Amino acid sequence: MKLFLTVLLLGAAVASATSAGTDGEISYEYHRYEELRKALVSVWLQCPTITRIYTIGESFEGRELLVLEMSDNPGTHEAGEPEFKYIANMHGNEAVGRELLIYLAQYLCNQYQQGNETVIELIHNTRIHLMPSMNPDGFEKAASQPGEIKDWFVGRSNAQGVDLNRNFPDLDRIIYVNEREGGANNHLLQNMKKAVDENTKLAPETKAVIHWIMDIPFVLSANLHGGDVVANYPYDETRTGSTHEYSASPDDVMFKSLAKAYSIYNPVMSDPQRPPCRKNDDDSSFKEGITNGGAWYSVPGGMQDFNYLSSNCFEITLELSCDKFPDEDTLKTYWEQNRNSLVNYIEQVHRGVKGFVRDFQGNPISNASISVEGIDHDITTAKDGDYWRLLAPGNYKVAASAPGYLTVIKKVAVPYSPATRVDFELESLMERKEEEREELMDWWKMMSETLNF
Amino acid sequence: MASKYVGLFIFFHIVSLNVMSQTSAFPTPTASTNDKTVYNRQLTEERPIQAQIAEADSVKAAVQSAESKRPTSSKVTESQQDRDGLTLLKSLADGQKTQVKTEVSAKGVQYVPDESDSTKSRRLVEDYDSTKNGMDNGKYQDDPETFRQVDGTPLTAEDIVQKIANKIYEEDDRGVFDRIVSKLLKLGLITDSQADTLEYQVAEALQDLIAKNAKNNEIEGAESNDRETKEQQDDQGSDTNTDTWEQPRSRYSNKEGDEADDDVEEEADKDAEVQGGNAGDEGNEVSPEDGLQDLQYFPNFYLLLRSLDSENLDAMIAMQTKSKLGKSLGLPDFTAPTGKNLDEDDNTKAEAAKMQREYENLKDSTKEEQQSPETRQPGKSQTYLEAIRKNIEWLKKHNKEEGKDDYDLSKLKDFMDQQVDSYIEKGIIAKDEGDTIKRIYSSL
C-alpha cells in the first residue's frame, strides 16, 4: 500500500514536473509526410545519442513507415531492458495520435536535455519506439480534403481501401476454441513468418507491423485512434459473436490497471461527467475512462488483440478525440491533455515480474515459458533469456519451464511498481539423470563396502 | 538426497525473496557507462574568431586588389568616400551571400531587357561582387572610420545620401533605390516612413550631382560627342548612345555593358540631351521627378547607420532575419561565448543567403513555381541547424556537468556523417538534406 501511495505521489510529481517544463519549443501543427519526416529528423539531430530513426517498411504508395526509437543505447536491445511501442494513425483520418507522437518525441528529447530526471530514467531503462503513422497514405488523403470539416471516412483505410485494424489475422477465434477444447494460450500464429508472407490478404502496412512485432520482444504497447475518448483493452472480439459483450482476457485485471494508468492523467478521458461525443452514442461500457473492447463493440482482426495473442506484448487502444481530424489550433490542447498520460503509460512497462532464465551453466535459455498460476496466458523469454511479466499487485506463483529442462516454481509478492526481479536457473533433464545415476552409484558403493561385496 | 535439494531450494528461495524485497529497482546502468564517448573539444572557441578575422581579411584583400586594378577617375571626387558607406553595407552583405553569388551571377548573364525590378535586382547583386566592381569598393579601409564616427552628425548622413545619389547617377538606374529599400524593408531594418524622409534628400543630391557632372561631361565628352553625333546622324542611335555612355560606364563590369544597353537607352537619350545643351535645366526637370518616383522605399540611412554602429552588421541582419522568419534559435544573446558566436555567424550567413534567395524568387514572377520548394528548403535547413545547435549546446553543458573533458567534435561529426549516409540509403533522409546536415556539421 505504501508503495502504491509512493508511486501515486511520484506520478503526481511527474505531472507537476512535466507541466513546469518548457513546451515552448514544440510547434503545434499538422505534419504531412515530408514535415513528419523532417520533424523526426530534427529530433534525431538534436538528440543523436539517445535516438535513432528507422523504417519498418513502406506503405502501399511507397511512403516509409518511420519509427523514432529512444533509449540510452539506440539500435540495440539491452538484455533485461523492456521494449515499448506507440503506434498511431493506423486509420489515416484519425490524426491527433499522429501529432501527439511527434510532440512526444520532441518533448522527451527536450526534457532529457533539460535534466528532467523522470524522463532521463525512463529513457535509460526502456527502449521506446514511436511510430507516428502506420497509414501515411490514408493521412495524406484525409489531409488533402478541402475545407475545415473532414469526412468521417475519407482516409481511414490504406491506399488499397483496406481497414488496417480489421486486417490482422484473427487469433481471437483460435483462442476461444482453445479455451473450450484445450490448446496453447499464447503465441497462436503458427509458422508466423510463412503465414504472413504467403497471406495475400495482408496489406503491406499490416505485414510490416507483424514482422516488427516478431523481431522485437515488445512488452507493452498502445495504439492511438480518434473518434471517441476512452482507453480500450482486450478482448476486442466477442466470444459469442454478438455485437456487445464483455470479453475478458486472462489478464483482465492487469489490462484494467494499464488502461486506467492512461486515463487517470487525461482530464477529459477520466471525467465521469463527460457527455458522449455524439448525442446517440452508447458509452455505457465506459467506466472511469476505460472500457473492455467487446463490451463497447466487437472488432475482429484488430491489431490490439493480435499483439496479445501472437506475442508477449500487451496492447491497449487509446481513443483520444471525439473529432477524428480536429482543427489545427486544438492540437496544443490535445497535447496538454495527453502528455502526462503518454509518459505515465510508458512507465507501466516497469511493473510485475522480470528477470532471466538460464541453465546451470549460466547460459540464457530463450523461448522458455513463464507461467503464472491462475492466469491462463504464458509469456516467453527473449533471445538473452530475459522476460517481463506484467502483473498487478498481489502474490503469485511464477513458473519457468523449457523443453528438456525441469520446471522451477517461485513464489513472488508483487508490488504496484517497480518490477520485481526473479531469475531462474533451470536444470536440464540430462543433468538430473546424471545426478541420480551418481547418487545411485554412491549408494551402491557404500552398500558394497558395508556388506563387503 | 532429494530432501537435500529441497532444502537447498527452499533456502535459496528464502534468500532470493529477501534479496528481492530489498532491491527496489532494476539495476540501472552506472553513470560512467551513460557517457559513451569522451569528447575532446579542440579549442573551438578560438577557431571561430580566427575564421571571422580571416574572412574579414579576405574581403579587405579582395577589395584592395580590385581597387588597385581600377583606374582612378577624376570625375569621382569627394563623393568617392561617401559612396563607400553603401559599399561597406554591400560588401558585408556580400560576404553573407557567397553561397548565392554564383547562382545569382548566372542569372545576371541571362539578362532580360525589361524594366521589372527583378532584373535590376540581379544587377545590384553583381555589384556586390567585389572582384568585379572595383570602384564601388574603393577606399574600403576608410569606411570603418567614417562609419564609426556616426553619432548624430549630419555630415555622415549627407555623405550617405551623396553616395547613393552618385550610385543612381552612375548606373542610370533608379532601381538602385528600389533594390536597396526593398531589401531593407524585407529585412525589417527600416520603415516606410523613414523612406520618405530620405527620398527628398537624395532627390536633391541627385539633382546637384547631375548638374555638376553635366558640366564635366560637357568639357570632357565634348570631343567624343562631336565625333559620335556625326555617327548618330548616320546610325539609328542605339550604338552611338552606347558609345556616348561608354566613358562613364567603363568602370562597370563588361557583363552589364551590352545587355544593359537597351534598358539604359532611354536614360542615355535623356542624359545626352542634358549633355548637349541645357544641361542644368533639363537635368533638373527630369531627374528629380524620376528620383522622387523611384525613391519610394528609400531607407533612412542615417538612423540605420546609427544603429549599425553599435553592432556587428552580420549579427543585426541575422537577428532581423530570424525575427522575420519567426523562429528562435534558442541562443539568449550575442554576448554568449565565442564558440556560440561561430554558430551564430554560420547561421546568419546561411540565413542571409536564404533571405536573398527568397527575395529574388519573390521578385521574379516567372519563378513563383519554384518558390515553394526553395523557401521550404531554407526552412528545413534552419530547423536542422537549430536542432544540431541544441545538441552541441547540450553536449557542452552535459560534459561540463559531468566533469569530463569536452566532447570530441570531429568524432561526433564522423558519427553523424555515417548515420546520415545510412539514413539516405534507407530513404529516411533525402540526399540534399543529408548534404545540408553534413555541411552544417563541417562548418562547426
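Biologist: Why is B:Glu433 called buried?

Modeller: Buried means under 20% relative accessible area, exposed over 50%, and partly exposed in between, with a 1.4 Å probe and protein chains only. B:Glu433 has 1% relative accessibility, so B:Glu433 counts as buried.

Biologist: What are these values based on?

Modeller: This is a predicted model, in which local features need pLDDT of at least 70, side-chain atom pairs count only at pLDDT 80 or more, and totals for chains, interfaces and linings use all residues. Side-chain values use heavy atoms, without hydrogens and water, residues are numbered from 1 along each chain as its sequence is written, and chains are lettered from A and ligands numbered from 1 in the order in which they are written.

Biologist: What makes A:Arg37 and B:Glu433 a salt bridge?

Modeller: A salt bridge is a side-chain nitrogen of Lys or Arg within 4 Å of a carboxyl oxygen of Asp or Glu. The closest N and O atoms of A:Arg37 and B:Glu433 are 2.9 Å apart. A:Arg37 lies in helix 2 of chain A and B:Glu433 in helix 20 of chain B, so the pair joins two chains. Helices (H or I, at least four residues) and strands (E, at least two) are DSSP runs, numbered from the N terminus.

Biologist: Why is A:Arg52 called partly exposed?

Modeller: Its relative accessible area is 24%. A:Glu69, at 0% relative accessibility, counts as buried.

Biologist: How far apart are the N and O of A:Arg52 and A:Glu69?

Modeller: The distance in this salt bridge is 2.5 Å. A:Arg52 lies in strand 1 and A:Glu69 in strand 2 of chain A, so the pair ties together parts 17 residues apart in sequence.
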